[in-house]
There are 2 protein chains.
Amino acid sequence: MAGSSVQFKELKRDTKSAARRGELKTPHGVVETPIFMPVGTQATVKTMTPEEVREIGGRLILSNTYHLYLRPGHRLIAEAGGLHRFMNWHGPILTDSGGFQVFSLGPLRKIEEEGVRFRSHIDGSEHFMSPEKAVEIQEALGSDIAMAFDECAPYPCDHSYALEALERTSRWAERCKRASCKEDQALFGIIQGGVYRDLREKSASDLVALDFPGYGIGGLSVGEPKELMYEMLEYTIPLIPNDRPRYLMGVGSPDCLLEGVARGVDMFDCVLPTRIARNGTVFTQHGKLVVRNAEYARDFSPLDPDCDCYTCRNYTRAYLRHLIKANEILGVRLTTIHNLYFILKLMHNIRVAIDQGRFTDYKKEFLSRFTIN
Amino acid sequence: MAGSSVQFKELKRDTKSAARRGELKTPHGVVETPIFMPVGTQATVKTMTPEEVREIGGRLILSNTYHLYLRPGHRLIAEAGGLHRFMNWHGPILTDSGGFQVFSLGPLRKIEEEGVRFRSHIDGSEHFMSPEKAVEIQEALGSDIAMAFDECAPYPCDHSYALEALERTSRWAERCKRASCKEDQALFGIIQGGVYRDLREKSASDLVALDFPGYGIGGLSVGEPKELMYEMLEYTIPLIPNDRPRYLMGVGSPDCLLEGVARGVDMFDCVLPTRIARNGTVFTQHGKLVVRNAEYARDFSPLDPDCDCYTCRNYTRAYLRHLIKANEILGVRLTTIHNLYFILKLMHNIRVAIDQGRFTDYKKEFLSRFTIN
């Protein structure tokens, strides 16, 4: 840890929950935690310029190794001077390992001890991803934080398969660590183990022994009930050393962010806010609103009267509905800005609430207004 | 003219050509001419926010009556407080009459003396557009400049049909004038007559007699050779009173803008720059460049090394190609910004060149570098 290019510092701990404020030092700047990372799958946070991402509060973004490996290719990005320069984003970047995407390919992939054989979803070409390859690609991309190549077991999944997957993940994590040699890139391990306490314990124990500078908690938010996810977090997080950041992968709905923070999560990412935005669904203080619905055709109020984002300051639901119905790009730009702002503002409010010792009240108040569906 | 809400003033005339500098006063501000109007068909300049349009030099935009009438409907826009408020654009707006779009529907429309019966391209519903209806819709939209409902004859088109269409256009122009009663909206007539000198003369004579505050030159750039368009301009423009702006409709390629200005055109609009941008084709000082082509995959230079637009200052051809190949919205945003900036900067340079008495030299110099294709 002393030698890692990424350092986590806990600044304040909540008294009524496991929530904590911290900061994460990376080669491209310090970020405040708990943090939500906007997703820039293909070297762009969909619809947005880097300046816009920054303006609405984005500080650390996630990009996808699997997608960039296939298109435009990690070597091309290395030639361009790395991902930061290629996409003109000069803040920190975390890249996932490609594992989750490769395992999501279903019949298009085959798992072996050495790695995973898979076919590209773009052109059907055959590829092989291994722990060493995942590290090589992420080093070429030059992200600040790389993730170890893991096997994310599905839900539901029986105990014996979940065990097999986590043991492979531990062996692969060790291979990733051995392969990793870029000084200004930190490698995080990923804890697996499905929804089994004993397996979460085993996975955490294996990975903590490898002394990673940060830990992803994987294999959650894959279809299990939220209560089960929360239970797994409560059980897993105390197994991670306090001075390491805890990153809950693939989680981004407002209620899950609050519940995750309450259990000690420091980092989140999710395509949810941007994906539903492109489909015409937006967050408000009262829950989701499908602005493409006919009932908003003549609604000349903003998406969320309590929001001060660019979209809400300048446009009506009626106009946004029109743009989305007419397939106008500005429509999805404006809903994306709103949804990401909503989530990033929520994280800001969470950080302030922890600082001021009133996180539990803030959480309760937010959830009393917000209808989960 | 004294009572019109839109006033044109000629500021300077070129000595070696018919080019002229002027300014057009509208209820939403004064704009410098010659001007290119970005097209915001469906109440949005495709992919851009109003602030972005303004930042790259857009001052007067065009919006389409036909499209807005069908979706979201002119009454809804009137309820929203008019088109300016609906779309958050506070500069001047010109709306076309819907004539060109309706006539482009081909078998979906039927021309009668009273007006045109047509079917919506969206849902097949039946509609009727007349001169009075076109005025009513444009008054509901609240544009600064409305266009008279005209019949745009196709190319090629025989003399007798072109005559019939222009005579109907003259009768319709008179009906539009009678129907028009909004004090802060100016109504421009449209000169038709195909590629026949005698018909252009007749059309201009009919319309000038109606004393419009400005004149569109329609029925050009519809498939005829460019030389024929230039010839028609040379013949038609002197027939329009000097104190009225001349608007060449649907023209926007760099060479045509220069040749149009040289013949005395004050206003242009065209979807070309934004449409080709969305297809991955951009303007450079040397002509068009298809950035989606494989040859640019590893080209880490800007689209146009001589350009100082946001796109060229921050992104490479390789990145833009990647975004466009991956269907990322940011790609078409960035090429749209570049292409519109290119055209608006060209118009700026044209205005400066006229002011400095060197327009003909500037035109020659530009065209010596720029390959037309």
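Colleague: What rotation superposes chain B on chain A?

Modeller: In this predicted model, the superposition of chain B on chain A has an RMSD of 0.0 Å and a shift of 0.0 Å along the axis. The two copies are thus related as by a two-fold rotation axis. The rotation is 180°.

Colleague: Which residue of chain B has the C-alpha nearest the axis?

Modeller: The surface that serves both copies is the same, since 100% of the contact residues of chain B recur in chain A. A rotation of 180° relates the two chains. In chain B, the C-alpha nearest that axis lies 3.7 Å from it and belongs to B:Ile329.

Colleague: Is strand E2 of chain A largely enclosed or open, and how many of its seven residues are buried?

Modeller: Strand E2(A) covers residues 20-26 and is largely enclosed by the rest of the structure. It pairs in the antiparallel sense with strand E1 (residues 7-13) of chain A over six bridges, and in the antiparallel sense with strand E3 (residues 29-33) of chain A over five bridges. The number of buried residues in E2(A) is five.

Colleague: Which elements of chain B do the buried residues of helix H15(B) pack against?

Modeller: In helix H15 (residues 359-369) of chain B, the buried residues are B:Phe359, B:Tyr362, B:Lys363 and B:Phe366. They cover an arc of only 100° around the axis, which puts them on the same side of H15(B). On the other side, B:Lys364 and B:Ser368 are exposed. The buried residues pack against helix H10 (254-262) and helix H14 (329-355) of chain B.

Colleague: Within what arc do the buried residues of helix H9(A) fall?

Modeller: Helix H9 (residues 226-236) of chain A has A:Met229, A:Tyr230, A:Met232, A:Leu233 and A:Thr236 buried. Viewed along the axis of H9(A), these residues line one face of the helix, so they fall within an arc of 160°.

Colleague: Is B:Phe342 buried or exposed, and how is its ring placed against that of B:Phe370?

Modeller: B:Phe342 lies in helix H14 of chain B and B:Phe370 in the segment after H15 of chain B, 28 residues apart. Both B:Phe342 and B:Phe370 are buried. With 6.5 Å from centre to centre and 35° between the planes, the pair is tilted.

Colleague: Which residue has its charged end over the ring of A:Phe212?

Modeller: In chain B, B:Lys177 lies over the face of B:Phe212, at 6.0 Å from the ring centre. In chain A, the distance from the centre of the A:Phe212 ring is 6.0 Å, and the residue is A:Lys177.

Colleague: What is the omega of the cis peptide bond between A:Tyr155 and A:Pro156?

Modeller: A:Pro156 lies in the loop between strand E10 (145-147) and helix H7 (159-179) of chain A. In chain B, the bond from B:Tyr155 to B:Pro156 is cis, with omega near -5°. For A:Tyr155 and A:Pro156, omega is about -5°.

Colleague: Is A:Asn88 buried or exposed?

Modeller: A:Asn88 is located in the loop between helix H4 (83-87) and strand E6 (93-95) of chain A. Its phi is positive, about 65°, although A:Asn88 is not a glycine. The relative accessibility of A:Asn88 is 11%, so it counts as buried.

Technical notes. Residues numbered from 1 in each chain as written. Chains lettered and ligands numbered in written order. Predicted model: local features only at pLDDT ≥ 70, side-chain atom pairs only at ≥ 80, totals over all residues. Heavy atoms only, no water. Buried < 20%, exposed > 50% of the residue type's maximum accessible area, 1.4 Å probe, protein only. Helix = DSSP H or I, 4+ residues; strand = E, 2+ residues; numbered from the N terminus. Arc of directions from axis to C-beta. Contact = heavy atoms within 4.5 Å. Pairing = 2+ DSSP bridges. Phe/Tyr/Trp six-rings, centres within 6.5 Å; stacked < 30°, edge-to-face > 60°. Lys NZ or Arg CZ within 6 Å of the ring centre and 35° of its normal. Least-squares fit on C-alpha atoms with pLDDT ≥ 70 in both.
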